[in-house]
Amino acid sequence: MPQTITDIYLPRQAKVEQIEVENSQISTFVLAFCDHAYNDAFRYQPGQFMMVSMPHCGEAPISISSTPTRPGAIHLSVRRAGKLTAAMHGLRVGDTIGLRGPYGRPFPMEQLQKKDLLFVAGGIGLAPLRGVLDTCLDQRDQFGTLTVLYGSRTPSDIAFQTDLDMWREKGVDCRLTVDAAEPGWDAQVGLVTSLMDGLHPKLERSTALICGPPLMFRAVLGRLTAMGFRDEQVLTTMERHMKCGVGICRHCHMDGKLACVDGPVFSLAELRKLKIMEMED
Ligand SMILES: Cc1cc2nc3c(=O)[nH]c(=O)nc-3n(C[C@H](O)[C@H](O)[C@H](O)COP(=O)(O)OP(=O)(O)OC[C@H]3O[C@@H](n4cnc5c(N)ncnc54)[C@H](O)[C@@H]3O)c2cc1C
């Protein structure tokens with residue numbers, strides 16, 4: 001969407017149309033810009049993010065968790081972390097917030113065409129991948145097999161349950177695990193890597209998309225490498241502290257790259273060229 005240099009920091013008002021409670025810490029906010037013409041023209045790509053502003057809280061980057069194949073509303077799935085996200089959790093349907101964006105380099109959807117896609121996520125990490133998955137389902141003949149490995153701390157912490165059920169109905173191989181079981185849970189217990197045990201992906205046509213906390217990311221990378229995935233076949237989104245979101249303040253600087261404009265989506269091959277990977281080793 002074209003923006004002039006004068007309005008890059010200007011949020012636009014968006015109305016909360018619906019709130020889906022995912023678990024005690026995560027809710028998905030369905031939003032539409034109050035300016036109907038702007039809302040109708042608004043376009044984005046999976047993996048991009050919005051800068052969200054709330055009165056007295058400043059701004060925070062939040063991934064768009066909906067698919068551009070269903071225009072008219074933007075979904076933001078938000079985990080209660082600090083001041084701004086706690087204020088968002090106090091929102092009611094009909095309230096308004098400020099939004100600017102979309103920003104960032106998205107997932108390379110064209111490169112993913114015809115590929116078997118392995119999504120690996122923990123907790124809120126499923127948010128940026130949700131838009132990719134729904135895009136694949138809306139353009140089903142353009143993608144290969146779809147597999148989701150999703151880890152949560154406990155069964156009560158499982159977010160996106162409605163999506164997981166719907167994806168299963170549509171033929172996605174969704175596998176869940178929890179760190180600690182609760183009464184009534186008779187499925188997998190263990191780290192998300194334990195879901196990789198029985199997987200035999202066709203390496204030559206597979207890509208993995210990972211999003212989750214750093215420890216999970218490390219463990220999953222180790223398993224993917226052992227399975228034979230090359231660095232170019234692994235994509236992730238980088239969470240860095242951000243201020244402007246548009247490449248000016250350089251707050252999200254990573255060894256010459258900016259998470260906000262060069263990312264947040266990176267291949268593992270790109271990340272290995274940055275000192276950041278060594279720092280996180
Ligand atoms: C590109 C991008 C996409 C994101 N998408 C989502 C999303 O879809 N849903 C969601 O819930 N959150 C997302 N986040 C994280 C979210 O922006 C931060 O948690 C944000 O700081 C929350 O603001 P707050 O005022 O509630 O918390 P704050 O008071 O800012 O922070 C709360 C805690 O989180 C830590 N923190 C803040 N920002 C980051 C960060 N970028 N990385 C690691 N730790 C941080 C702080 O140090 C503090 O300990 C995303 C971040 C980035 C960079």
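For the classes used here, Ala, Val, Leu, Ile, Met, Phe, Trp, Tyr, Cys and Pro count as nonpolar, Asp, Glu, Lys and Arg as charged, and the others, Gly among them, as polar. On that basis, the shell around the ligand holds ten nonpolar, five polar and four charged residues. The model is a predicted one, in which local features need pLDDT of at least 70 and side-chain atom pairs count only at pLDDT 80 or more, while totals for chains, interfaces and linings use all residues. Residues are numbered from 1 along each chain as its sequence is written, and side-chain values use heavy atoms, with hydrogens and water left out.

Around the ligand there are 19 residues (a heavy atom within 4 Å), and those that come nearest are Pro61, Ser77, Arg79, Leu84 and Thr85. Strand 4 (58-63), strand 5 (74-79) and helix 2 (83-89) each supply at least two residues of this shell (DSSP runs numbered from the N terminus: helices, H or I, of at least four residues; strands, E, of at least two). The largest share, four residues, belongs to strand 4.

An oxygen atom of the ligand lies 2.6 Å from a backbone N or O atom of Pro61. For Gly82, a polar backbone atom is 3.0 Å from a ligand oxygen, and for Lys83 the corresponding distance is 3.5 Å. Of the 880 Å² of accessible area that the ligand has on its own, the protein covers 70% (Shrake-Rupley method, 1.4 Å probe).

Note on methods. A polar contact is a pair of N or O atoms within 3.5 Å; within protein, one must be able to donate a hydrogen and the other to accept it, and residues adjacent in sequence count only if both atoms are side-chain atoms.
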